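This report walks through the strands, the helices and the chain contact of one model. Keep the structure open while reading.

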Amino acid sequence: MDCNQVGELAPLYLTGELDRERAGAIDAHLKSCPSCMCELESQAQLDARIREVIGGEKVDAGGVEERVLARISAERLSIVRPISERPAPLHRRRWAIAAAAVAAVLLLAAVSYLDLIRRAARVYADAASDHRREVIQQEPRPWLSDRAAISELAEKQGIAPSALFALSSAPYHIERARLCFLDGKIFLHAVYTDGEREFSVYFRVRGDQTLPGRAREIDNGRILHESTLGNQQVAGVQTKDLTVMVVSDRDSDDALHVARLAAETL
Amino acid sequence: MPHSRSLLRVARRLTLNSAAAEDIVQETFLRAWRSFDQFEAGSNARAWLFRILFNVFYAQGRKARSSARVVPFPAPESQPRGGTDFSALDAAMLSAALDDLSEEHRTVILLAVVEGFTCRELAEILSLPIGTVMSRLSRARQSLREILEPPAPRLARAQASAK
């Protein structure tokens, strides 16, 4: 990669959008090119200062929010009004204002919820990419393969080892495990194999969080979530104690099959 | 309300006018409320709100937009180019330099740098191809740096040609 290409890709590099390969090529170029290094460092520093100064400015949106609620109330009232030409009685207006406020709160809650869904999508995407790198591409990682060591690792994370072994249904058995980060949270990554094919299961103590996202089906009263990312299929399920995500090849139904098994047995 | 402060911050910097900015944000939320059924579940709510904000801003036309700045930004002390230390850059100077950028350049800096949107999200918000977003962002960063660290020879040439 040369200086011009680095310059062209710099916007994607600075926003962290480059794939690993091209980001790696830029990193390699920067190591050998002090001029580009200096340039990008200056730019990153200026970006940080802009964020600090402009993003840190105090903004009071209270007045706008009040007016938005008032306008929504007014629009609600105008729907009520045509029934009678006279102004609606006070109690009806109060009802309409209250209803509008509730509607506005619901809308905003929905917007926040959709952000949550997006975050969930990030967990699925992280799981799919972790599986791709560590299992399919077999990037070297320090794995534990001894049964006792895997049990100890699980226990330290508050996960009953029996849960890991419960998913070892023939012909698959648990082969190796390690800890990993998905969306900034620690998961226990276990790899199962039948000697030929492999799939990954990510375990985490459930805590208060719920696994949002589109529901595929309900098994044993538990909602199965499913997402297809690239060549991977991710299926998630939450039991009373655990959040479990299964990643397999898209063309096999292993992920769903194992998630169903988890819903039934864990 | 979620994102109201971010929307208002960007609208203010776009219009350089507090009242106009508040009107735009108010209209943005009303449109979002009216068209919530068009929102695709699972897509990016924050980017969706900003997309509406820019639709409102562009729909209001030139009158709501910032007028050409009358007072030119004073050139800072000449500094050596490259490797400039921006970490302690004066806040007022930076703020004025940002306002001095063209509307296009200010827009991409605000969205990508201040609000932390990715280039792909910018492309979606501004309805532009991603290549255009990338080159615009590069040029915007360049323009800002030229304001903040004018190389001495360029400044001398500019002054000479102005005479």
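## Strand S6 of chain A and its partners

In this predicted model, S6(A) pairs with strand S7 (residues 242-249) of chain A over seven bridges, in the antiparallel sense. Three residues form the hairpin that joins S6(A) to S7(A). One bridge puts A:Val237 against A:Val244 in S7(A).

Strand S5 (residues 222-229) of chain A also runs antiparallel to S6(A), and five bridges join the two. Here A:Thr228 stands opposite A:Gln233 in S6(A). The hairpin of S5(A) and S6(A) has two residues between the strands. In that hairpin A:Gly230 takes a positive phi near 60°.

## Burial along S6

Is S6(A) enclosed or open to the outside? The strand spans residues 232-238 of chain A, and seven of its seven residues are buried, so it is largely enclosed by the rest of the structure.

In a regular strand, side chains alternate between the two faces of the sheet. In S6(A), A:Gln232, A:Val234, A:Gly236 and A:Gln238 point one way. A:Gln233, A:Ala235 and A:Val237 point the other way. All of these residues are buried, whichever way they point.

## The sheet of chain A

Chain A has eight helices and seven strands. Seven strands form an open sheet, with antiparallel pairing. The order is S1-S2-S3-S7-S6-S5-S4. Strand S1 (173-182) and strand S4 (215-219) of chain A stand at the edges. Each has a single partner strand, so one side of each is left without a neighbour in the sheet. From one strand to the next, the twist averages 25°.

Strand S2 (residues 185-193) and strand S3 (residues 198-205) of chain A run antiparallel and are joined by six bridges. A:Tyr192 stands opposite A:Phe199 in S3(A). Helix H8 (residues 254-265) of chain A packs on the sheet. It touches S3, S4, S5, S6 and S7 of chain A. The direction of this helix makes about 10° with that of S6(A).

## Chain B: helices throughout

Chain B has nine helices and zero strands. Along the sequence, the pattern reads α-α-α-α-α-α-α-α-α. Of its 163 residues, 36% count as buried. For chain A the value is 30% of 266 residues.

Contacts in chain B with a separation of 6 or more were sorted by sequence distance: residues 24 or more positions apart account for 66% of them. The corresponding value in chain A is 53%.

## Packing of H2 on H3 in chain B

Two packed helices are described by the angle between their axes and the distance between the axes. What are these values for H2(B) and H3(B)? The axes of helix H2 (residues 18-34) and helix H3 (residues 45-59) of chain B come within 9 Å and cross at roughly 120°. That makes H2(B) oblique to H3(B). The crossing is right-handed.

On the H2(B) side, the contact uses B:Ile24, B:Glu27, B:Thr28, B:Arg31 and B:Ala32. They meet B:Leu49, B:Ile52, B:Leu53, B:Val56 and B:Phe57 in H3(B). By class, the residues of this contact are seven nonpolar, one polar and two charged.

## Two loop residues with positive phi

B:Leu16 lies in the loop between helix H1 (4-15) and H2 of chain B. Its phi is near 55°, a positive value in a residue other than glycine. B:Leu16 has 15 C-beta neighbours inside 10 Å, so it counts as partly exposed.

B:Ser127 is in the loop between helix H7 (119-126) and helix H8 (130-148) of chain B. Its phi is positive, about 55°, although B:Ser127 is not a glycine. Is B:Ser127 buried or exposed? It is exposed, with 10 other C-beta atoms within 10 Å.

## Where the chains touch

In the contact between the chains, 40 residues of chain B meet 39 residues of chain A. On the side of chain B, the elements that give two or more residues are H1, H2, H3, helix H5 (91-100), helix H6 (103-114), H7 and H8. H2(B) gives the most, with six residues.

What classes of residue make up the side of chain B that touches chain A? This side has 22 nonpolar, eleven polar and seven charged residues.

How values were computed: Residues numbered from 1 in each chain as written. Chains lettered and ligands numbered in written order. Predicted model: local features only at pLDDT ≥ 70, side-chain atom pairs only at ≥ 80, totals over all residues. Axes fitted to C-alpha atoms, helices over the stretch in contact; angles between N-to-C directions. Helix = DSSP H or I, 4+ residues; strand = E, 2+ residues; numbered from the N terminus. Parallel < 35°, antiparallel > 145°, perpendicular 65-115°, else oblique. Left-handed = near helix turned anticlockwise from the far one by under 90°. Contact = placed C-beta atoms within 7 Å. Nonpolar A, V, L, I, M, F, W, Y, C, P; charged D, E, K, R; others polar. Buried ≥ 20, exposed ≤ 12 C-beta atoms within 10 Å, placed from the backbone. Pairing = 2+ DSSP bridges.
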